[in-house]
Amino acid sequence: MTAPTKNKKLLAWVAEVEKMCTPDRVVWCEGTKSEYDRLMNQMVESGSAVRLNEKLRPNSFAFNSDPSDVARVEDRTYIASRTKEEAGPTNNWIDPVELKKTMRALYTGCMKGRTMYVIPFSMGPIGSPIAKIGIEITDSPYVVCNMHIMTRVSKKVLQVLGDDGEFIPCLHSVGAPLEPGQKDVPWPCAPIEKKYIAHFPEKNLIWSFGSGYGGNALLGKKCLALRIASNMARNEGWMAEHMLILRMINPEGRKYHIAAAFPSACGKTNLAMLQSTIPGWKVETIGDDIAWMKIRPDGRLHAINPEYGFFGVAPGTSKASNPMALASCSKNSIFTNCVVTSEGDIWWEDIGCECRSGTDWKGQPFHSGMKDKDGRAVKGAHPNARFTAPASQCPVICPDWEDPEGVPIDIFIFGGRRTTTVPLVHEALSWEHGVFMGATAASEPTAAALDVKQHLRFDPFAMKPFCGYNAADYFAHWFKMGARMDDKAPRIFYVNWFRKNKDGKWLWPGFGENSRVLKWMCERVDGRVEARETPVGLMPKDGDLDLKGLNISPDDYAELMKVDAGLYRNMLSDIADYLKEFGDRLPSQMTHQLEALRKRLD
Ligand code: OXD
Ligand code: MN
């Protein structure tokens with residue numbers, strides 16, 4: 001196939017990879033429907049995909065991964081900057097020369113018997129001043145089809161790139177070469193010790209080997225749009241964040257734009273597609289996972305969603321929890337590690353109905369209520385099972401979601417999954433305090449990463465697995481951005497939807513009811529409501545959080561909003577220990593904020 005570009009850097013890179021990986025053929029992707037259909041047909045024929053019932057789930061396909069390849073692998077993810085200090089204490093580091101040597105050996109001949117696909121894609125609307133071009137080389141047709149949904153894959157990208165334009169090279173291989181005559185497996189991948197998800201920030205380069213799953217393989221997402229982009233953003237004075245973006249509209253039609261950072265699998269997709277329960281207030285979705293933000297000439301921070309689709313956690317998604325996500329994946333979608341029912345539809349735990357009979361994600365017969373030999377409930381879908389769905393199919397997608405200029409952000413929200421200590425909502429006393437809140441955000445672990453074992457982990461700005469450089473320098477970048485925006489900076493809030501009472505019962509109903517908390521934030525931005533000062537920040541005065549129609553007892557509400565100075569004081573030493581890891585690089589504002597909090601708690 002002749003290359004559809006004259007870009008010298010791109011041609012040289014593709015030739016170099018072809019020589020190293022020795023695929024049987026090279027295919028340049030164009031992002032067309034016929035390309036997608038052809039690859040899907042091939043994968044159905046080879047047995048790696050199942051075509052779902054056209055009437056129930058049109059143009060949709062189910063895949064099961066290898067049981068060893070079900071999530072991002074943080075222990076095998078590397079920031080190979082020149083020095084270990086550049087990567088910082090929150091990242092795994094290997095010297096880039098050594099890592100390249102190791103990986104070159106793995107890449108040598110790794111695409112034998114396979115096709116090498118070259119995927120030109122844009123993160124952000126093609127040609128937007130905030131967008132970036134990436135080129136992913138992969139030997140996985142599953143990755144190509146997912147990239148079609150998650151990014152803008154098109155010939156137009158090569159036109160915008162032109163002969164000399166810059167792009168971010170993203171090399172991916174499943175790491176499973178085929179000998180002549182060898183039959184392929186449905187989900188090829190390499191064993192864990194050969195998996196490497198490597199980033200070379202000084203070269204804006206991504207090398208991924210051995211995994212075909214999600215963020216390990218769809219390199220536009222976590223690798224490019226967060227790890228590499230966060231480093232570019234620091235150098236170029238903008239922000240790449242692990243944030244959903246939504247527009248909230250009040251009954252008078254005033255629009256507020258909110259960007260919120262929660263760790264993986266803590267409800268970003270649910271919040272992004274929230275169905276407001278307050279009459280007259282409405283939410284529209286702009287993005288559910290990543291925000292790229294630049295200060296525009298009006299002095300405000302404008303955000304785009306660099307992605308084109310949703311790669312959402314499936315289990316728990318139901319008509320009750322997130323009807324808009326369900327509608328988004330009602331057709332033209334890919335499902336990974338879900339149950340396929342006997343009718344040819346998909347199913348997962350807490351989807352809102354029973355599965356009478358089907359095949360689980362490991363290919364075994366399954367029905368709801370099944371028990372294993374020890375009497376334990378069997379799960380049909382993997383807890384990190386995913387749907388890949390076009391964002392344009394979301395019924396509440398914002399009409400401006402593809403505005404190349406982005407939307408001006410009014411509010412930042414941080415949070416995590418905390419069953420104790422942290423109240424439903426509090427507001428930062430200042431930008432510096434807000435940065436401290438984001439930098440010390442902590443959460444109980446979820447299923448989105450394979451190898452997180454701690455009970456509670458600090459996950460600064462929900463970026464612990466995604467910041468492509470030293471997190472202390474990243475905090476400094478946040479302080480700097482605030483100073484640049486001055487009084488035009490977004491207001492900062494912290495939420496916790498997950499608090500439980502002593503009997504283990506959730507204190508807050510969450511989901512659509514979270515609109516009540518967002519409404520209070522919008523009213524704070526407009527100066528419509530005052531707040532009461534507590535040691536940890538500003539909280540709603542009695543009666544200001546709209547609870548009309550909500551069945552929550554005064555005792556539960558009091559517990560939900562409780563700030564127990566003792567519990568917070570206990571956390572201070574954990575925070576201090578965690579901040580010590582950053583040594584001299586920690587911005588002095590962080591220590592001042594810690595001391596100020598300590599004083600307020602005394
Ligand atoms: C994701 C994640 O897939 O954060 O979005 O793990
Ligand atoms: Mn995410």
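**Conventions.** I number residues from 1 along each chain as its sequence is written, and I letter chains from A and number ligands from 1 in the order in which they are written. In this predicted model, local features need pLDDT of at least 70 and side-chain atom pairs count only at pLDDT 80 or more, while totals for chains, interfaces and linings use all residues; side-chain values use heavy atoms, with hydrogens and water left out.

I searched for pairs of N or O atoms within 3.5 Å. An oxygen atom of ligand 1 lies 2.9 Å from a side-chain N or O atom of arginine 72. For lysine 222 I likewise noted 2.9 Å from a ligand oxygen to a side-chain N or O atom. For histidine 242 the corresponding distance is 3.3 Å. Ligand 1 has 210 Å² of accessible area on its own (Shrake-Rupley method, 1.4 Å probe), and the protein covers 93% of that area.

**Salt bridges.** I counted 39 salt bridges, each a side-chain nitrogen of Lys or Arg within 4 Å of a carboxyl oxygen of Asp or Glu. Arginine 457 forms one with glutamate 74, with the closest N and O atoms 3.0 Å apart. This pair links distant parts of the chain, 383 residues apart. Arginine 457 is in strand 28 (residues 457-458), and glutamate 74 is in the loop between strand 3 (61-63) and strand 4 (77-79); strands are DSSP runs (E, at least two residues) numbered from the N terminus.

Definitions and conventions: Polar contact = N/O pair within 3.5 Å; in protein donor to acceptor, adjacent residues only side chain to side chain. Helix = DSSP H or I, 4+ residues; strand = E, 2+ residues; numbered from the N terminus.
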